[in-house]
Amino acid sequence: MEAVQSWISEHKLTSIGALWASGIGASLVAYSRIKSPMKPSLRLIHARMHAQALTLAVLSGAAAYHYYENRAVQVPPKPEAHSPAPSITQLVEWELHSPF
């Protein structure tokens, strides 16, 4: 499973393109099995819409996974409970650098 995840993370566009193409193919096969009065051009339009919906769902899932993966890695350190009061020098420097 790790090998598949690492390959997908290295080849993101290839995997999304393959998913889109397989979605179109699966939809076309599903519509061709059914005796439907739809024209082939309309079948192709429906297949493209199904593939786009599948691709958007996968992209949303990948974005959420990427967000939470990076969030777990970059947890900021918690501030100390008791920090010393600033010195007079630090307060003067802050006043000098403050835009207001």
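Colleague: Is T55 buried or exposed?
Modeller: T55 is buried, with a relative accessible area of 11%. Buried means under 20% relative accessible area, exposed means over 50%, and partly exposed lies in between, using a 1.4 Å probe and protein chains only.

Colleague: What sort of model is this?
Modeller: This is a predicted model; local features need pLDDT of at least 70, side-chain atom pairs count only at pLDDT 80 or more, and totals for chains, interfaces and linings use all residues. Residues are numbered from 1 along each chain as its sequence is written, and side-chain values use heavy atoms, with hydrogens and water left out.

Colleague: Back to T55. Where is the place of T55?
Modeller: In helix α3, which covers residues 40–73. Helices here are DSSP runs of H or I with at least four residues, strands are runs of E with at least two, and both are numbered from the N terminus.

Colleague: Which residues does T55 touch?
Modeller: I16 and W20, leaving out residues up to four places away in sequence. Contact means heavy atoms within 4.5 Å.

Colleague: And which backbone oxygen lies 2.8 Å from a polar atom of the T55 side chain?
Modeller: The backbone oxygen of A51.

Colleague: What about G25, where does G25 lie?
Modeller: G25 lies in helix α2. G25 is partly exposed, at 28% relative accessible area. The C-alpha atoms of G25 and A51 are separated by 8.7 Å. Along the chain, those two residues are 26 apart.

Colleague: New topic. How many helices and strands does the chain have?
Modeller: Four helices and zero strands. The pattern along the sequence is α-α-α-α.

Colleague: At what angle do α1 and α2 pack?
Modeller: About 100°, with axes 5 Å apart. Helix α1 is residues 2–10 and helix α2 is residues 12–33. Axes are lines fitted to C-alpha atoms over the stretch in contact, and angles run from 0 to 180 degrees between N-to-C directions. The two helices are therefore roughly perpendicular. That label covers 65 to 115 degrees; under 35 is roughly parallel, over 145 roughly antiparallel, and the rest oblique.

Colleague: Which residues make that contact?
Modeller: W7, I8, S9 and E10 of α1 meet K12, T14 and S15 of α2. They divide into two nonpolar, three polar and two charged.

Colleague: Zooming out, what share of the chain is buried?
Modeller: Buried residues make up 10% of the 100 residues.

Colleague: What share of contacts with a separation of 6 or more comes from residues 24 or more positions apart?
Modeller: That share is 40%.

Terms used. Ala, Val, Leu, Ile, Met, Phe, Trp, Tyr, Cys and Pro count as nonpolar, Asp, Glu, Lys and Arg as charged, and the others, Gly among them, as polar. A polar contact is a pair of N or O atoms within 3.5 Å; within protein, one must be able to donate a hydrogen and the other to accept it, and residues adjacent in sequence count only if both atoms are side-chain atoms.
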